[in-house]
Amino acid sequence: AIMHDTDQTRQLARLSKDITQIVARAAPVLEVMRGASKTEPENADLLQRMLDERLKNMTRFVRSISANGPLRDGLSESQAAEIVWGMTSPELFHLWTIDRGWSTEKYEAWLVDSLTLLLLP
């Protein structure tokens with residue numbers, strides 16, 4: 001549904017809501033995987049494939065919002081995809097919600113506001 005929406009702001013809001021639910025579940029698992037990847041090459045390979053796949057998904061998402069209107073001046077789709085990839089990372093979610101004690105609602109609101117400011121004119 002996000003990819004078929006024609007309003008960039010709504011797309012960012014929907015992504016923020018969906019990704020918050022996903023990373024809330026994925027963050028603890030990825031934290032364990034990161035630790036295991038330091039001593040287990042198979043885990044390191046799997047983790048890298050997961051990170052690469054997430055970037056591909058964020059690139060598709062950025063292409064979708066870019067098709068509905070311009071990105072911020074000087075921002076390429078590739079740069080925008082990397083921004084979304086980093087901002088929606090389980091690690092950043094963990095920092096805000098676990099280390100800083102934010103609610104998932106606060107994280108979601110911050111994410112949509114930040115992505116809007118960083119990506120759209």
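Arg34 lies in helix 1, where helices are DSSP runs of H or I with at least four residues, numbered from the N terminus. The model is predicted, and local features need pLDDT of at least 70 while side-chain atom pairs count only at pLDDT 80 or more, although totals for chains, interfaces and linings use all residues. Residues are numbered from 1 along each chain as its sequence is written, and side-chain values use heavy atoms, with hydrogens and water left out.

**Selected residues of helix 1**

- Arg34 is partly exposed, with a relative accessible area of 33%; the term covers values between buried (under 20%) and exposed (over 50%), computed with a 1.4 Å probe on protein chains only.
- Leaving aside neighbours within four places in sequence, Arg34 is in contact with Leu47, Leu51 and Glu91, contact being defined as heavy atoms within 4.5 Å.
- The C-alpha atoms of Arg34 and Gly101 are separated by 22 Å, and these two residues are 67 residues apart along the chain.
- Ala27 also lies in helix 1, and this residue is buried, with a relative accessible area of 7%.
- Not counting residues up to four places away in sequence, Ala27 touches Pro90 and Phe93, and its C-alpha atom is separated by 8.3 Å from that of Ser89, 62 residues apart along the chain.
- Arg10, likewise placed in helix 1, is partly exposed with a relative accessible area of 46%, and its C-alpha atom is separated by 9.5 Å from that of Val112, 102 residues apart along the chain.

**Largest pocket**

- The largest pocket has a volume of about 300 Å³, a volume being the space filled by probe spheres set on grid points that are joined across faces, edges and corners.
- Of the 17 residues that line this pocket, Ile19, Ile22, Arg54, Asn57 and Met58 are the closest to its centre; on a 1 Å grid over the protein atoms alone, a pocket is an open set of points where a 1.4 Å probe fits, with protein on both sides within 12 Å along at least five of seven lines, and lining residues have an atom within 4 Å of a point.
- Helix 1 (8-37), helix 2 (41-67) and helix 4 (90-99) each supply at least two residues of the lining, and helix 1 gives the most, with 8 residues.
- The lining divides into 13 nonpolar, 1 polar and 3 charged residues, where Ala, Val, Leu, Ile, Met, Phe, Trp, Tyr, Cys and Pro count as nonpolar, Asp, Glu, Lys and Arg as charged, and the others, Gly among them, as polar.

**Nonpolar core**

- The largest nonpolar core has 25 residues, and those with the most contacts inside it are Leu12, Phe61, Val62, Val84, Leu115 and Leu119; such a core is a set of buried Ala, Val, Leu, Ile, Met, Phe, Trp, Tyr and Cys residues joined through side-chain atoms within 4.5 Å.
- Two or more residues of this core come from each of helix 1, helix 2, helix 3 (77-87), helix 4 and helix 5 (104-119).
- Phe61 touches Ile2, Met3, Gln11, Leu12, Leu15 and Val84, not counting residues up to four places away in sequence.

**Aromatic pairs**

- The count comes to 5 aromatic pairs, where rings of Phe, Tyr and Trp (its six-membered ring) pair if their centres lie within 6.5 Å, with planes under 30 degrees apart counted as stacked, over 60 as edge-to-face and the rest as tilted.
- The rings of Phe93 and Tyr107 have their centres 5.0 Å apart and their planes at 90°, so this pair is edge-to-face.
- The pair links distant parts of the chain, Phe93 in helix 4 and Tyr107 in helix 5 being 14 residues apart, and both residues are buried.
- Ring pairs link Phe93, Trp96, Trp102, Tyr107 and Trp110 into a cluster.
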